[in-house]
Each structure stands twice: as structure tokens, then as C-alpha cells.
Amino acid sequence: MAKVVMPQLGESVAEGTIGKWLKQPGDHVAKDEPLLEVITDKVNAEVPSPFEGVLEKILVEEGATVPHDAEIAIIAAAGGDAEAAPKPEATAPTAPQQPAEAVAPKAAPAPAEPAAAAPAEPAAIHEAAARPMVPVMDTTTHPAPNGTSSQAVVAGSAADTGHGDPNARMTPAVRMLLREHGLSPELIEGTGHGGRITREDVMRFVEQAASAGGATRGGAAAGAQPAAVSSVPQARPSAPAPAPSPAPAAPSPTPAAASSPASAAPAAAAVPAATTSVRWESGQDEILVPLNQMRRGIANQMTKAAAVPTAFSTFEVDVTAVAKLRSAQGEAYKSREGVGLSYLPFVIKAVVEALHSSPDLNAHYTDEGLLRKRRINIGVAIAVENGLIVPVIHDADQLSINGINRAIQDLSARARANRLRIEDLQGGTFTVDNTGWFGSQLTVPILNVPEVCILTTEAVTKRPVVRETPDGDVIAIRSMMNLVAGYDHRATDGAQIGRFVNDVICWLEAVGPDMPIY
């Protein structure tokens, strides 16, 4: 007999909730076959079986929350007793070192995304995505069972005001099924444990809606269908993402977007658009909006970060050379790769090069000392539908600018589709944040503890700058960007941060027209 334990679901995640057991006692389980679904504030993930055997006993029921390393099941290993099962996280190693282009295949946005045809730029945090962040109902036509369409679903559900929980839990597969039919969680009442929405709930709703839609089209009330559709608020895409588009499904870039570092970011980070308007009852002055699981996780992590003595330094960098390179190669790159080229991969490339000379910043702080990390794994803050998440580009120093660009797009797409894997959230050593996409000029970033440094990129703006020439000082129009470094003052000091950021600045300002992208 061997025991299965709850995996470590992220360095800052101490516990997980059993969402659903995919196998039952007596079932045969193959090695690496999905055994159960686990839910955390960061990701919903399937946990593979660490070895082959028969599921003997389930120790933790669905809906229960347990800390990592807690025993959750017993499996009778094939061929007799087995030693203690290896921890599930060991079966999901962090991404191996690979060439820049290796990430590209995963970068393509999911075909179900309405705006996938127009890729967006890779943005780190809060990138404006073409896909609405909090859709109430997508009325565009999507394939549905038995030839029905989402138009029929809308028509059929017009009479159903929706009794579901907009924050209901569900597996990634169910979430994808909702998108395929243009549905939102609040329309469906979950029958799973703790109100979870199951696949059966979705298919039942679709079938009922299709039947109702057919009746409507067949009767005199056929004209009511358009009204039903219009009565349901349609999700509207947020502002188009900037020029380059490493992130999935982002709208075409706009001139304004192209001027912002985040504008170059992928449709990865979209700021949630305004949700449906609040309905106030007579005499009601306030409404309590419960925290969802992700927001609670963010609150816990921010509370930890607030206990760290953090200092901040602001720097200015001239990215005119980067802007010229993007302008010169942007169209050719986009036609070749299918995505735009943003400022963000240039910044990340400069960061990983600078970290080689500042190893104490590629580290975690512990009470015993500074734990330096050999691998350079860059976390990229991405805004998603219900909060903020920081997936990791593993071995970023092994990637080209194109590889980093595609990695950002891939992570952004999967973060928005709730398809991140456990390993995507593990192993971060340094975080790059991109708040400039919305025009920010000065942001005070919060450390992603236990990391000791975070760098925020602000908006790229053209402004007059004094430059020295052989004939004297002149005023020139340059593309300028602010960089803000936040750092754990227990682990490092301003002088070390100054040297590090100046290395980043020197790399960016040394970019030339022949800088290799691949």
C-alpha cells in the first residue's frame, strides 16, 4: 500500500481543496493518469497518480480543504506493496531549458476566443484583452450540441434570470464548456458539492435552452428572440491591446497602445470590464460582495508582503532604440509569427542579463539567510477575470526575445482560459510587472514574497529630453519609460538595486537595429 499526498500547489499556497475524485475505490489507476481535481486560489488542476495500482481508499472527501503533504488516498500499487508515494509535485517538474522558439506552439490563442484572430501584445499585468473579462453572455454563434447555437441558448434562457453563483467553482473543462456555449456561471445552478457546476449541469441547461429556443422560433413569438438576445448584456472587449501581440486573442493594436510598454503586452492581462449594474432595493444603502477564492488568496499573499520591509527606487530609461527596432521589424515579425512584438520581452531580456551580475536579487529570503537560485525564472503578473496571477517563465535566460514574447503569450492565454498547470506557478525567482499599459507613470509594486525584488515597467511616453552634443546641449524628443524597483530591505540595499537597474538600462539603451530577435 502507498499513500497519495496533497501536492504543493505553489510556493505561496499552503493548502488545496479536493474538487472532485476522478477515480473511485476499486478503480484501476495508471501511472500519471488524472486521479483527482484540486482547487486553490491560483489554479484548478488535475493531480496525476504517482504510480500504477488500484485505488484502495479515499481519505479526504470532495469539498474538504487540506494542507499540502496531507495524506488524501491509499493506492495498492501494482505488483505488491510500494514505498510511500512520491509527492505529486515531483511528477510535474518545472519547464526544462529549451530554445526560445520551443514555446511558440503553445502560444496560439484558443480558437474559441472570439477575438483570437487579432492577437494582442504581451502585457504583464492587467493587459487589455480583446476577450471580455467578465462576460455575462456571449451572443456570438458557437457550435452547440445537436446543431443548436448560442443564439438558441440565449433565446431559450431568456426567461431564466439565472439562480447560479457567478463565483461558483468548476473544473477547467467545465469552464471551457461554458465558453463554447456562450454561457456565464450565474445562469446555471450548480448541483455538485458545495454548489460546484458540473458538466451535466451545463449540458442540461443547454438542452433545455435549445428546446425552449426551438419552441420560440416555431411559434408566433419568434420575433421575441432578438429581444431576448438584446435583453442580455453582451460582454464588450476592453480597450485593444497595443501593437505587439504575444498574448492570445487581443484586438489589433492602436497607436496609443503602441506607446505603452504594456501596450506591447499580450492580451494576457485584461482588466475586468464593468460587470452588470447593481440593482438596489428600496431603502438599501449597501451591498456586501463576498470574496471569491482567488481574491482571498491574493489578500493573504498581500498581507504577507505587507510584513516585509520594502523600499522602492525609481529610474528613467530611454527606450527610443527599442521603439525604432519594433517599428522597423514589427510588421515583418507579426506576419511571420502571427503575434506582435512588444516592449515587455525586451525588458525581461535585459533583466535576465542583469541578474547574472546581481545573483543576490535572483533569490529568496529566509530566516537562515539568502537562498540564491541558479535558474532564472521570471514571474509575469497577469490580470485575469477574477483577480491577479503570476505564472512563471522558466529558464528565461535561455530564451531569445522571440521566445520570451511567445512564452508571455502562452501563459497569458492559458491564464485567461484557466488552463495553467501547477508547475506554471512554481519556481519563480524574480517578478516583472507591467502597469504602464493603462498609462501609469509611477507604481509602487508589492513584493511577490519570498522573492527579494520586483521590477515594474511604466508607460512609454514621448517627451523632451536634454541631450549633449559636440555643439552643446539640445532638446530632443525621446521615447522614455520609468522603471520602479521594489526590494526587500532585509536582503539587499539601494546601492545594489541601483547597480542592477542601471545594468538593465544600459542593455535597453544599447539596443541597435541589428539586435537579434531570435
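Student: How many of the seven residues of strand β2 are buried?

Tutor: Buried means under 20% relative accessible area, exposed means over 50%, and partly exposed lies in between, with a 1.4 Å probe and protein chains only. Helices (H or I, at least four residues) and strands (E, at least two) are DSSP runs, numbered from the N terminus. In β2, five of the seven residues are buried, and the strand is mostly covered. This is a predicted model, in which local features need pLDDT of at least 70 and side-chain atom pairs count only at pLDDT 80 or more, while totals for chains, interfaces and linings use all residues. Residues are numbered from 1 along each chain as its sequence is written, and side-chain values use heavy atoms, with hydrogens and water left out.

Student: Which strands does β2 pair with?

Tutor: Two strands pair if DSSP finds at least two bridges between them. Here four strands form an open sheet in the order β5-β4-β2-β7, with antiparallel pairing. On β4 (residues 34-39), β2 has four bridges, with K20 partnered by E37.

Student: Which strands are at the edges of this sheet?

Tutor: The edge strands are β5 (44-48) and β7, each of which pairs on one side only. β5 is joined to β4 by five antiparallel bridges, and V47 in β5 stands opposite L36.

Student: What is the average twist from one strand to the next?

Tutor: For angles, axes are lines fitted to C-alpha atoms (for helices over the stretch in contact), and the angle runs from 0 to 180 degrees between N-to-C directions. In this sheet the twist averages 40 degrees from one strand to the next.

Student: What is the strand order in the sheet that holds β1 and β3?

Tutor: That open sheet of four strands runs β1-β8-β6-β3, and its pairing is antiparallel. β1 (2-5) and β3 each have a single partner strand, so one side of each has no neighbour in the sheet. β1 meets β8 (residues 71-77) through four bridges, and K3 stands opposite I74 in β8.

Student: Is K23 buried or exposed?

Tutor: K23 counts as buried because its relative accessibility is 16%. K23 lies in the loop between β2 (15-21) and β3 (28-29).

Student: What does K23 touch?

Tutor: Contact means heavy atoms within 4.5 Å. Not counting residues up to four places away in sequence, K23 touches H28, V29, E33, P34, L35, L55 and I58. A polar contact is a pair of N or O atoms within 3.5 Å; within protein, one must be able to donate a hydrogen and the other to accept it, and residues adjacent in sequence count only if both atoms are side-chain atoms. The side chains of K23 and E33 make such a contact at 2.8 Å.

Student: Which residues have the most contacts inside the largest nonpolar core?

Tutor: A nonpolar core is a set of buried Ala, Val, Leu, Ile, Met, Phe, Trp, Tyr and Cys residues joined through side-chain atoms within 4.5 Å. The largest one has 61 residues, and I348, V351, I378 and I393 have the most contacts inside it. Helix α9 (residues 344-355) gives the most to this core, with nine residues. A second, separate core of 19 residues includes V4, I18, V38 and L55.

Student: How many of the 12 residues of α9 are buried?

Tutor: In α9, 11 of the 12 residues are buried, so the helix is largely enclosed by the rest of the structure.

Student: Is T303 buried or exposed?

Tutor: T303 counts as exposed because its relative accessibility is 56%. T303 is in helix α7 (residues 293-306), and its side chain reaches the backbone oxygen of A299 at 2.7 Å.
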